[in-house]
Amino acid sequence: MAAISLKKLNKSFGPLTVVHDIDLEIGDKEFLILVGPSGCGKSTTLRMIAGLEEITSGELWIGDEMVNDVPSKDRDIAMVFQNYALYPHMTVYKNMAFGLHLRRAPKEETDAKVRETAKILDIEHLLNRKPKALSGGQRQRVALGRAMVRDPAVFLLDEPLSNLDAKLRGTMRAEISKLHKRLDATFIYVTHDQVEAMTMADRIVVMRGGHILQVDTPQNLYDRPINMFVAGFIGAPQMNMLEVTVKRSGDGWVGLFDGLELPLPLGEKADRLIPYEGRTVVLGLRPENLHEAMPVGVAPEATATLEAQVELAEPMGAEVHLNILAGGHSMIARVSPRCKARDGDRVSLIADLGSPHLFDKETEQSILY
Amino acid sequence: MFPTPIAKTGPLTRRFYMISLPVALILWLLPLIAVLLTSVRSAGDINAGNYWGWPTQWNLVENYTAIFTSSPIGQYLFNSFKITVPTVIASVGLSCLAGFALGTYRFKANLFVFFVFIAGNFVPFQILMVPVRDLTLKLGLYDTVTGLVLFHTAFQTGFCTLFMRNFIKALPFELIEAARVDGASEFVIFRRIVLPLMRPAIAALAVLIFTFVWNDYFWAQVLVQGDSAMPVTGGLKSLNGLYVASWHLVSAGSIVAALPPVAMFFLMQKHFIAGLTLGATKG
């Protein structure tokens, strides 16, 4: 069992508190990803779980043991570092065998384990090399292998892919996901890359300024962000944020934007907007909800047509990102490559407001969450 | 690039460089050349004032044998080794440990302790002359090899620790963390991870301390009186006769005395390796 719980965990460096009262339950064999901008405390949290940072206050439980004062080496964890941290004076084989060797595992067992792991990671032919004779991707694999041979209950990965080029990162992402399924261990993974978070995680923890903002599955996080920060952080290109004035219209609500009445179909949550009547709120609109033609399967009464000027069209191959200006707001629309709009053109885009995101302008919290 | 490589400069500059380099080299080495030449002269040459001319007689074998037969220089050399080798081992060994602690652990007095080590280097040792002599006398270590070893070790460890601490501080700290997570105890981390990476530092420091201590004359004079503990630097003067200066023998002795540090340098040379930590991190 390697469920982990963090209870009111704090970390201060002198007068500076970098992690505030973190509460988190991590399930056994879960793949949990901590994301956030640099300095949000995600790495520090991971390092506290690893035992590399002292916990200022709060409790850390691994399984049914409180491990605040248990040194790293007795926590049954393995860690992959951003910079790999391979022992430069040892061969790949020795790098991988080091942990087992320290645990006085029998030689044959160690040997079998190292070779098996090397086979899985496709680094068998590198076992006798030193780290300096390896490429970045190979070093990354060795770092993973070194963690794997130990067969720990918990894997901690601190931005393991951030030093790789884009193509390799894509491959390794898939490899790590497969590895998680195969190893049956708890993974805690830190990254600032929301693509990694979205593709790999069972659940994502979004952090900012040492606080947890939201913990949920990738899809829920995308569909129901708790505040403007999460909404902007998850999803690329970013969610568009428009300031609209809330107004009643019949028995529903509309948002006034640039002389347009944007429908706000809220269903049973319609009551939540009552206190905001006549006030300005922030409407979040995902770039893929702006279409150049009426999309199929969308109720026409939940759409509005925006007149916009194309400032820049970025062809991505499978889609085109239109940087547009509408009602004085810069926005991005993701449209199909068939869209022929060029820089400077005027276009009409259909905004699908089927499931709108609305945020309080002052608190930045979601009104509908 | 600065300075511009000579090969890329104009022909005039290059010619000037080609001529001035050997001249500067000879000027620089002149004292050493003089000592070398003197060490193979006869006493007659020196008495006749032939200091710089061609030796009238080549007394290579005679002079170099004479220093061993006419004085206890063999004993002095042996004493020098007995003083230098333990000092090098002790001060480098201690400073590896101290440097590891100061470079790796965060504790309250860390910087203070480090500054104490550095501050020790700023104490002019002339100030210590009398108290250290009294101390060694009281401890019964006056005129002993042990006394010199202890004193040199104490005095060199400060600099060594400064050197080692900074070297260890520059190693990628993730290596130590990785080893901790891997299950290594602190001593194993020191022994298996940090020490192998310190090889160039250890070699450099060993050569340096060996040379410092081997060449020490001051403390040999202060803490030693008789022949039993006298190192070769202090013992060279015994090559002069009571009434006559035998510069040819003193020169020969000086050459012999200067050889071990040179040998030490070549012995350690293969450990001066740059880029030992290459590949540890993304690079």
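Student: Let's start with the rings. How many aromatic pairs are there over all chains?

Tutor: The count comes to 21 aromatic pairs over all chains. Keep in mind that this is a predicted model.

Student: Can you show me one? How are Phe155(A) and Phe187(A) arranged?

Tutor: Those two are stacked, with 4.8 Å from centre to centre and 25° between the planes. Phe155(A) sits in strand 7 (residues 154–158) of chain A and Phe187(A) in strand 8 (residues 186–191) of chain A, so the pair ties together parts that are 32 residues apart in sequence.

Student: And charged pairs? How many salt bridges does the structure hold?

Tutor: There are 20 salt bridges over all chains. One of them joins the side chains of Lys11(A) and Glu53(A), at 3.9 Å from N to O.

Student: Where do Lys11(A) and Glu53(A) sit in the chain?

Tutor: Lys11(A) belongs to strand 1 (residues 4–13) of chain A, while Glu53(A) is in the loop between helix 1 (42–50) and strand 4 (57–62) of chain A. They are 42 residues apart, so this pair links distant parts of the chain.

Student: OK, now the two chains together. How many residues does each chain put into the contact?

Tutor: Chain B brings 25 residues and chain A brings 29. Between them, about 2300 Å² is buried, and carbon and sulfur atoms give 60% of that.

Student: How many salt bridges are there across the interface of chain B and chain A?

Tutor: Three. Glu177(B) forms a salt bridge with Arg47(A), where the closest N and O atoms are 2.5 Å apart. There are also eight residue pairs in polar contact across the interface of chain B and chain A.

Student: Which elements of chain B give two or more residues to the side that touches chain A?

Tutor: Helix 8 (173–182) and helix 9 (186–197) of chain B. Helix 8 of chain B gives the most, with eight residues. By class, the side of chain B that touches chain A has twelve nonpolar, six polar and seven charged residues.

Student: Staying with chain B, what does its domain assignment look like?

Tutor: Domain 1 covers 6–67 and domain 2 covers 71–277. The C-alpha centres of these two domains of chain B lie 32 Å apart.

Student: Which three residues of domain 1 supply more of its buried area than any other three?

Tutor: Val35(B), Tyr64(B) and Ile67(B), which supply 52% of the area that domain 1 of chain B buries against domain 2 of chain B.

Student: And what about salt bridges or polar contacts there?

Tutor: Between domain 1 and domain 2 of chain B the count is zero salt bridges. One residue pair is in polar contact across that interface.

Student: Where are Tyr84(A) and Pro237(A)?

Tutor: Tyr84(A) lies in the loop between strand 6 (77–80) and helix 2 (92–102) of chain A. Pro237(A) is in the loop between helix 8 (228–233) and strand 11 (240–249) of chain A.

Student: Last one. What is His291(A) in contact with, leaving aside its neighbours within four places in sequence?

Tutor: Ser348(A), Leu349(A), Ile350(A) and Asp352(A). His291(A) is found in strand 15 (residues 290–291) of chain A. A polar atom of the His291(A) side chain also lies 3.4 Å from the backbone oxygen of Glu288(A).

Methods
Residues numbered from 1 in each chain as written. Chains lettered and ligands numbered in written order. Predicted model: local features only at pLDDT ≥ 70, side-chain atom pairs only at ≥ 80, totals over all residues. Heavy atoms only, no water. Domains from an automatic or database assignment. Buried area = accessible area lost by both parts, 1.4 Å probe. Salt bridge = Lys/Arg side-chain N within 4 Å of Asp/Glu carboxyl O. Polar contact = N/O pair within 3.5 Å; in protein donor to acceptor, adjacent residues only side chain to side chain. Helix = DSSP H or I, 4+ residues; strand = E, 2+ residues; numbered from the N terminus. Contact = heavy atoms within 4.5 Å. Phe/Tyr/Trp six-rings, centres within 6.5 Å; stacked < 30°, edge-to-face > 60°. Nonpolar A, V, L, I, M, F, W, Y, C, P; charged D, E, K, R; others polar.
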